[in-house]
Amino acid sequence: MKHKLIIAGVITVIAFYGLGCFYDKSDLVYPPSVSTCDTTNITYSTTVTGILNANCYNCHSGNASLGGGIALDTYSGLLPYMKNGHLINDIQQIPGADPMPKGEAKMDVCSINKIVLWINHGMPKN
């Protein structure tokens with residue numbers, strides 16, 4: 001009798017375990033994230049200035065009184081900070097850099113990638 005109870009218990013555990021486990025197609029259960037970051041046509045005049053306008057110009061423009069006197073709203077004002085790597089380190093929030101935008105969330109990855117691509121293409125004034 002004791003032997004039959006053990007077997008019945010094992011069968012019950014296996015049955016509950018088997019009923020609780022199932023396999024779905026992972027792409028249906030966990031759909032892949034869709035990337036909406038278009039990096040095909042990065043330009044200074046549209047892409048870079050748009051990102052900087054949304055994230056930097058409040059403090060770093062010729063009209064802003066904040067930002068330590070750093071104005072990024074012109075190509076000639078931006079270029080030194082791009083060439084020395086300070087701006088990209090700051091927006092990527094590299095350890096030891098001054099995280100920007102100051103006091104706000106880190107810039108989105110897509111925007112950072114667009115600026116990096118523009119830098120890697122020689123920072124053209126297009």
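Tyr 75 is buried, with a relative accessible area of 17%; buried means under 20% relative accessible area, exposed over 50%, and partly exposed in between, with a 1.4 Å probe and protein chains only. Trp 118 also counts as buried, at 2% relative accessibility. The model is predicted: local features need pLDDT of at least 70, side-chain atom pairs count only at pLDDT 80 or more, and totals for chains, interfaces and linings use all residues. Residues are numbered from 1 along each chain as its sequence is written, and side-chain values use heavy atoms, leaving out hydrogens and water.

A pair of aromatic rings is described by the distance of the centres and the angle of the planes. Here, rings of Phe, Tyr and Trp (its six-membered ring) pair if their centres lie within 6.5 Å; planes under 30 degrees apart are stacked, over 60 edge-to-face, and the rest tilted. The count by this rule is three aromatic pairs. One of them joins Tyr 75 and Trp 118 edge-to-face, with 6.5 Å between centres and 80° between planes. This pair links distant parts of the chain, since Tyr 75 sits in helix α4 (residues 75-83) and Trp 118 in helix α6 (residues 109-120), 43 residues apart. Ring pairs also bring in Tyr 44, giving a cluster of Tyr 44, Tyr 75 and Trp 118.

The chain has six helices and zero strands, where helices (H or I, at least four residues) and strands (E, at least two) are DSSP runs numbered from the N terminus. Of its 126 residues, 27% count as buried. Among contacts (heavy atoms within 4.5 Å) between residues at least 6 apart in sequence, 49% join residues at least 24 apart.
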